[in-house]
Amino acid sequence: MVRSRRLMAVLAVAAIAAAACSSSSKSSSGGSSATTAAAGGSATTASGTPVHIVVTGAVSASGTLGINSGMSINAVKAAASVLNRSGGINGHPVQVTVVDDAGDPTTAVTKLQQALSSGSKPIAVLDSGPGNLAAAILPVLNQAHVLLFNIAPTADSSDATKWPLSFDLSPGLNDYSSAFCPAIQADGSKSVAIFYTDDAYGDALGPLVKTKCTGDGVSVTGIDKFDPTALDFTPQLQKLQGTHPDALILIGYGAPVGYILKNMNKLGWTVPTYGDVAVTATPQVSAPPPGGLLGDPVEASLKMMVFKSTQYSANPPAGEATMINAIKAQGPIQATLVLAYDYDGVMLLAAAAKQANTVTDVTALAKALESLPPGGAQTGVLSAYHFSSTSHAPNASADEFAFVKPTKVVDGQFGAPGA
Amino acid sequence: MTLFLSALSLGAVYALVAVGYNIVFTASGAFNFAHAQLLMLGVFISYWGLAVLKLPIALVLLLAAAIVAVAAGVEERVAIRPVRGVEAQLVTTVGAATLIDGASQLIWGNAARQVPFPGSTRVWVVLGGRVFPVELLLIAVAVFLVLVLVWLSRRSMIGLALLAVAEDREAALLRGINVRAVGLGAFVFSGAVAGVVAPVVGPKTFAVATLGTALALKAFVALALGGFGSIPGGLVGGLAVGLAEQLTARYVGSTYVNLVVFGMLLLVLLVRPTGLFGTTAERAV
């Protein structure tokens with residue numbers, strides 16, 4: 001529940017983007033639920049038996065869900081294309097099948113079972129969320145002995161003992177909570193107040209951030225929560241303002257974020273404000289006027305948490321640059337690069353196959369994933385995944401995160417020139 | 001003072017919905033659960049007129065009033081008139097609310113949108129408290145609306161007809177009052193009022209598809225506190241809910257806000273079941 005809330009918030013970033021997802025990702029033949037292609041086309045230099053992977057997504061959905069799924073599917077196609085251009089995985093071309101799960105767990109299970117019982121059983125499945133869909137397909141894939149790269153962690157999807165073949169690609173609350181206070185200290189603040197949404201996600205993350213900040217030597221002067229259905233937060237902010245912190249950590253999503261920024265402006269409270277990934281995912285924050293708050297004075301003190309890969313850099317790491325170019329080759333980037341986790345999933349699979357020297361032994365591939373050296377895969381969203389024999393969560397380090405001022409999203413990144 | 005003004009402006013929003021509930025309730029005996037959604041519709045139209053089309057405020061007021069009035073009229077014809085019994089009408093008006101929520105999400109999406117305020121957006125310092133001008137205007141609009149409605153109900157023929165229908169529907173029919181037309185008129189009028197006040201509500205609440213749901217419950221509490229059928233009661237109830245909410249959040253804790261608001265409602269209903277300003281009518285049995 002906690003993670004699905006966070007995922008929903010992150011997925012909502014896509015609402016910033018305007019148009020529907022590219023038609024290429026929605027193609028299907030004769031109403032079939034799945035399309036298959038050896039990504040890379042004529043550029044493929046690999047030969048031999050294809051490595052078959054499946055990506056599931058709400059291909060037929062419109063709006064945010066369709067955009068998000070289109071991003072995941074394009075990310076997988078992009079990764080396959082990159083690999084196929086350099087010889088595939090251990091010399092085998094990567095073949096991608098797109099399964100339209102309609103964002104519905106029942107549909108996903110039915111169509112995956114069809115794909116699994118077909119002549120070409122996939123070695124790995126990559127999903128596009130949401131969390132309840134991942135929870136539904138986990139047992140199916142585990143029983144079928146197929147790897148799952150999951151962008152929508154559930155309560156136990158990273159439990160390596162329960163799901164030895166499932167690997168979460170999205171960081172967890174522990175990772176997010178560790179990222180705040182090192183950045184706040186780097187900006188020169190020594191004390192913070194924490195204001196978080198009163199739901200499962202906020203109730204888990206808010207107190208965790210307090211613990212981490214205290215551990216980092218940052219004084220927490222006050223902590224309070226807010227009802228996400230309320231319309232005015234002046235009282236709670238006034239109370240926190242009275243504790244005189246150097247900075248404020250804000251954890252929340254949607255309209256309340258706008259109310260809070262306006263209420264702070266009314267109170268004349270201008271301390272640096274650090275928003276979590278849900279704040280980043282709030283469409284109003286990064287949308288320009290007239291509807292959005294981008295450029296409004298109420299955002300003057302706001303910074304929000306992003307992955308370093310979703311922050312524009314003139315000289316990005318090689319893996320990130322390759323990923324962006326490859327995804328752009330599949331079509332316009334409609335959502336932030338956060339939703340390109342599945343690109344990393346394919347690259348992790350390739351690195352594990354190289355290390356284990358197999359493309360068929362799923363157990364050996366899972367073991368290899370648990371022992372990949374940091375940076376062993378040419379990933380783009382996160383620079384390193386730290387799976388272990390007990391935890392299949394990415395355990396991302398604080399270095400993976402950055403705090404940026406709100407801007408428009410260009411090619412999936414904040415802070416691009418002209419944004 | 002900042003907190004007090006903030007609480008009053010929030011209470012004024014609740015009061016505007018509660019007054020809308022009361023207009024319909026007085027005229028037709030129906031409780032229109034969708035009134036908060038009608039106000040939300042007005043806020044979206046305000047956003048569309050002011051922010052997207054950049055129309056003059058006077059035109060936006062007219063448009064919002066007309067469109068929401070038509071929507072309310074359609075609701076009366078579809079969700080009230082064919083349905084017998086107050087209990088069934090509760091269900092159909094909740095259905096209408098759900099329909100408006102869904103339509104708003106489809107048309108405008110889930111993201112909150114800023115509604116521009118045509119006046120000053122700078123913070124004012126009033127009696128030592130910091131407040132946005134639109135918040136002061138909200139309080140003024142709520143008070144003014146209640147004064148006008150009270151005057152109309154006591155001094156105009158339509159107001160007297162409304163009171164007659166509320167008092168005794170059959171007797172009003174016998175006196176030649178078109179009860180059905182009064183019912184439809186009340187819906188249309190409450191819709192027009194929601195449309196007219198929406199450009200003032202929007203800059204505080206944003207245009208967001210969850211606004212109706214957020215307002216409906218608290219406004220119902222305001223209505224029950226003030227008394228069903230009492231226009232001034234709706235205002236007092238709304239302001240009381242706003243004050244209770246904000247003072248609790250400041251001095252007790254955010255967790256206890258709803259507990260205090262609904263505890264207050266229970267207390268009032270236990271001590272005075274008709275609400276603070278509600279009245280009971282004796283009936284021979």
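Predicted model: local features only at pLDDT ≥ 70, side-chain atom pairs only at ≥ 80, totals over all residues.

Which backbone nitrogen does the side chain of T407(A) reach, and at what distance?

Reply: The side chain of T407(A) reaches the backbone nitrogen of G415(A), at 2.8 Å.

Start with the place of T407(A). The residue sits in a loop of chain A, between β12 (401-404) and β13 (409-410). Its relative accessibility is 15%, so T407(A) counts as buried. The cut-off for buried is under 20%.

Move on to the next loop of chain A. D411(A) lies between β13 and β14 (413-414), while K328(A) lies in helix α11 (residues 318-330). D411(A) forms a salt bridge with K328(A). The closest N and O atoms are 3.0 Å apart. D411(A) is partly exposed, at 30% relative accessibility. K328(A) is also partly exposed, with a relative accessible area of 40%.

Here is a second salt bridge in chain A. The side chains of D203(A) and K225(A) meet at 3.6 Å, N to O. D203(A) belongs to helix α6 (residues 200-215) and K225(A) to strand β8 (residues 219-226), so this pair ties together parts that are 22 residues apart in sequence. D203(A) is partly exposed, with a relative accessible area of 32%. K225(A) is buried, at 19%.

K367(A) and E370(A) both lie in helix α13 of chain A. They are 3 residues apart, about one turn of the helix. Their side chains meet at 3.8 Å, N to O. K367(A) is exposed, with a relative accessible area of 52%. E370(A) is buried, at 15%. Over all chains, the structure holds 12 salt bridges.

Now take a residue in another helix of chain A. D344(A) is in helix α12 (residues 341-356). At 0% relative accessibility, D344(A) counts as buried. Among the residues that D344(A) touches are M323(A), T379(A), V381(A) and Y385(A). D344(A) and V381(A) are 37 residues apart in sequence. In space, their C-alpha atoms are 6.6 Å apart.

Next come some backbone details. Most residues other than glycine have a negative phi, and most peptide bonds are trans. N357(A) has a positive phi, near 55°, and is not a glycine. The place of N357(A) is the loop between α12 and α13 (362-370). N357(A) is exposed, at 65% relative accessibility. A102(A) also has a positive phi, of about 55°, although it is not a glycine. A102(A) lies in the loop between β3 (94-100) and α3 (105-116) of chain A. At 37% relative accessibility, A102(A) is partly exposed. P289(A) and P290(A) are joined by a cis peptide bond, with omega about 15°. P290(A) is in the loop between α10 (283-286) and β11 (302-307) of chain A.

Step back to chain A as a whole. The chain has 13 helices and 14 strands. Of its 419 residues, 59% count as buried. Take the contacts in chain A between residues at least 6 apart in sequence: 75% of them join residues at least 24 apart.

Finally, look at where the chains meet. In chain B, 30 residues are in contact with 26 residues of chain A. Between them, the two chains bury about 2,400 Å², with 55% of it on carbon and sulfur atoms.

The count of salt bridges between chain B and chain A is 2. In one of them, E135(B) pairs with K266(A), and the closest N and O atoms are 3.0 Å apart. E135(B) and K266(A) are also linked with D232(A) and K204(B) in a network of salt bridges. Across the interface there are 13 residue pairs in polar contact. On the side of chain B that touches chain A, the largest share comes from α1(B), with 4 residues. By class, that side has 16 nonpolar, 9 polar and 5 charged residues.

Methods: Residues numbered from 1 in each chain as written. Chains lettered and ligands numbered in written order. Heavy atoms only, no water. Helix = DSSP H or I, 4+ residues; strand = E, 2+ residues; numbered from the N terminus. Buried < 20%, exposed > 50% of the residue type's maximum accessible area, 1.4 Å probe, protein only. Contact = heavy atoms within 4.5 Å. Buried area = accessible area lost by both parts, 1.4 Å probe. Salt bridge = Lys/Arg side-chain N within 4 Å of Asp/Glu carboxyl O. Polar contact = N/O pair within 3.5 Å; in protein donor to acceptor, adjacent residues only side chain to side chain. Nonpolar A, V, L, I, M, F, W, Y, C, P; charged D, E, K, R; others polar. Lists of a residue's contacts leave out its neighbours within four places in sequence.
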